[in-house]
Amino acid sequence: MESLLFTPGFISVFDNASPSKEFRWLASVFCGIFMCKIVYDITATVSLLCFKGYGNLSNAKKVEWNNRGFSTFHAIVVAFASLYLLLLSDLFKEDYDELIINRTSAVSETIFGISIGYFFTDLAMIIWQYPALGGLEYILHHVLSMFSIILALISGQAQIYILMVLFSECTTPFVNLRWYLDVAGQKNSTLYIFNGIALFLGWLIARVILFIYLFIHTAIHFDQVKQVFPLGFYCLLTVSPVLFAMNAFWFWKIAKGLIKTLSKARHTQ
């Protein structure tokens, strides 16, 4: 571990830091935490006014209901931001002289800070309500995600791969909608079936195929990837496969659930 901390490669992890950047990073983290609090309260207020069954939910269900509100909001924000940075902006164009693993921007760093704030808040709630909001696999997922984002933020390296992973959050609204419909007693509705199909396809594209593309991209640019500071390099080679394995396992469960739902709908007809 000492070699990771004191090699010249690791020391360069702090080259991306400056007083102004550090202030912006902290501000964006607190914005992420504040965002979660605001959306949590808005979700509770709007749900109480618009959904008759909300008032009859248990306190534990209300907490999870509101928690899923800010997780959905975060997912939408980071998915659109990641899509913009990866495809629409010029940040990661191949024809630039700067190494693709060293490219960063104020927008990407702000999004990372907001995501750190979100994952910290959600992790705190998961631990506080354990195991109502998720088991150990959710804790592992959030810890690995936060750790990877923090390394990319302070080093300014490998941000393209963090953005790919953050884009996979676009499946979260479908996961949450399925839960909402289940709690509302709408498991037999057409919307539940269509949402299940959208979740299956979205998960396949964003959390399976996209991760395979990430591995291919890493292999093609491995000469650059090797220049990432040691801890970041080993994190990239280990955390991504772990997250992919978790995504593949959840995809298997989603596929089984979809088959069961479609089979039930067919028999109902």
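The side chains of E109 and R24 meet in a salt bridge, with N to O at 2.6 Å, where a salt bridge is a side-chain nitrogen of Lys or Arg within 4 Å of a carboxyl oxygen of Asp or Glu. E109 lies in helix α5, residues 106–128, and R24 in helix α3, residues 19–50, so the pair ties together parts that are 85 residues apart in sequence; helices here are DSSP runs of H or I with at least four residues, numbered from the N terminus.

This is a predicted model, in which local features need pLDDT of at least 70 and side-chain atom pairs count only at pLDDT 80 or more, while totals for chains, interfaces and linings use all residues. Residues are numbered from 1 along each chain as its sequence is written, and side-chain values use heavy atoms, with hydrogens and water left out.

Going back to that pair, E109 is buried, at a relative accessible area of 1%, whereas R24 is partly exposed at 28%; buried means under 20% relative accessible area, exposed over 50%, and partly exposed in between, with a 1.4 Å probe and protein chains only. The two residues also belong to a network of salt bridges that links K21, R24 and E109.

Now to the pairs within one helix. In helix α4, residues 59–88, E64 and R68 are 4 residues apart, about one helical turn, and their side chains form a salt bridge at 2.9 Å, N to O; E64 is buried at 10%, and R68 is buried at 16%. In helix α3, K37 and D41 are likewise 4 residues apart, and their closest N and O atoms are 3.3 Å apart in a salt bridge, with K37 partly exposed at 47% and D41 partly exposed at 30%.

By this rule, the count comes to 5 salt bridges.

Conventions: Helices (H or I, at least four residues) and strands (E, at least two) are DSSP runs, numbered from the N terminus.
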